[in-house]
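Thanks for making time. I'll go through a pocket and then some ring contacts.

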Amino acid sequence: MHELQNEFLSIKVNPIGAELSSLKSLETDIEHLWQGNPEFWASQAPNLFPVIGVLKEGKFIFEDKEYQMPKHGFVRHNEHIRLKEKTDDKLVFQLDYSAETLKIYPFKFRFEISFQLNKKSLTVHHQISNLDDKPLYFSLGGHPAFNAPISKNEVYEDYYLEFDRKMDLRTYILSEEGLVRDTTEGILDNEDKIRLHKELFAKDALIFKNIPSKKVVLKSKNSGSILSVEYKDFKNLGIWAKPGAPYVCIEPWLGIADVEGTDQNLKTKEGIETLAAGKDFQAAYTIDIT
């Protein structure tokens, strides 16, 4: 594990997948990141690139050729990511294209992710570089899971998510294959709070496209604000947990899983980002421990 700390926080990052594996308050000695109990979900905060969620039939089409791609892409579980830089307050990891990645993703890219501490905040910054002579098509997202509850005298139902504004929100429903359906279900009606309960994710993740809010706070009705996630650079938001598990994932996304009616063409995939040859793209989200 690669470790970093300041006066207020300590973090650990697993070199496999450059996955955040600990986010601990040094003031309260509370571990805020889910610790990957395989009884529920063995991951903790996978990085999603170059796709989010599943592709229909596990593949996409680019210029009349089919490519197989695992769920959430190939950064998570990747053993080829290297630590590029470590300073007093920052860890930077890098993954470059290779002969192996070109077999499943026909683009020359550089993926960089950094974790930077600033007082009680952790900023997760991404930079995608197009090293190719053609446009790069990609999706990008985070998937951090936060412990809830954080004390033994509380239960999951004591917790809720509070957005920075009141909204009408509808979630898109996933099929059994994990594809996004046209159907939606109302979640908020001019409200700003989603209360956590064991049946909230019975139909899988809550998926909010083009969400107006850009900040959400995890709160306890007993102890108040726990932490917040600010995601100004991301259009979409996913919220998820395994039903009955004591955590909640707050997932900033640029992109989305395939829709049921997709023609599987990567160029026209819903939510896909396009980066011109030789250009860089940057996006970050920030976790504040309150």
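The lining of the second largest pocket has four nonpolar, five polar and three charged residues. Here Ala, Val, Leu, Ile, Met, Phe, Trp, Tyr, Cys and Pro count as nonpolar, Asp, Glu, Lys and Arg as charged, and the others, Gly among them, as polar. Among the lining residues are Phe74, Arg82, Asp96 and Glu100.

This is a predicted model: local features need pLDDT of at least 70, side-chain atom pairs count only at pLDDT 80 or more, and totals for chains, interfaces and linings use all residues. Residues are numbered from 1 along each chain as its sequence is written, and side-chain values use heavy atoms, with hydrogens and water left out.

Phe74 also has a ring partner. Its ring and that of Phe49 have centres 6.1 Å apart and planes at 90 degrees, so the pair is edge-to-face. Rings pair if their centres lie within 6.5 Å; planes under 30 degrees apart are stacked, over 60 edge-to-face, the rest tilted. Phe49 is buried, at 0% relative accessible area, and Phe74 is buried at 8%; buried means under 20% (1.4 Å probe, protein chains only). Both belong to a cluster linked by ring pairs, including Tyr105 and Phe281.

In total there are 21 aromatic pairs. Trp34 and Tyr247 have ring centres 4.6 Å apart and planes at 40 degrees, so that pair is tilted. Both of these residues, Trp34 and Tyr247, are buried.

Methods
1 Å grid on protein atoms, 1.4 Å probe; cavity = no way out; pocket = protein on both sides within 12 Å on 5 of 7 lines; lining within 4 Å. Phe/Tyr/Trp six-rings, centres within 6.5 Å; stacked < 30°, edge-to-face > 60°. Buried < 20%, exposed > 50% of the residue type's maximum accessible area, 1.4 Å probe, protein only.
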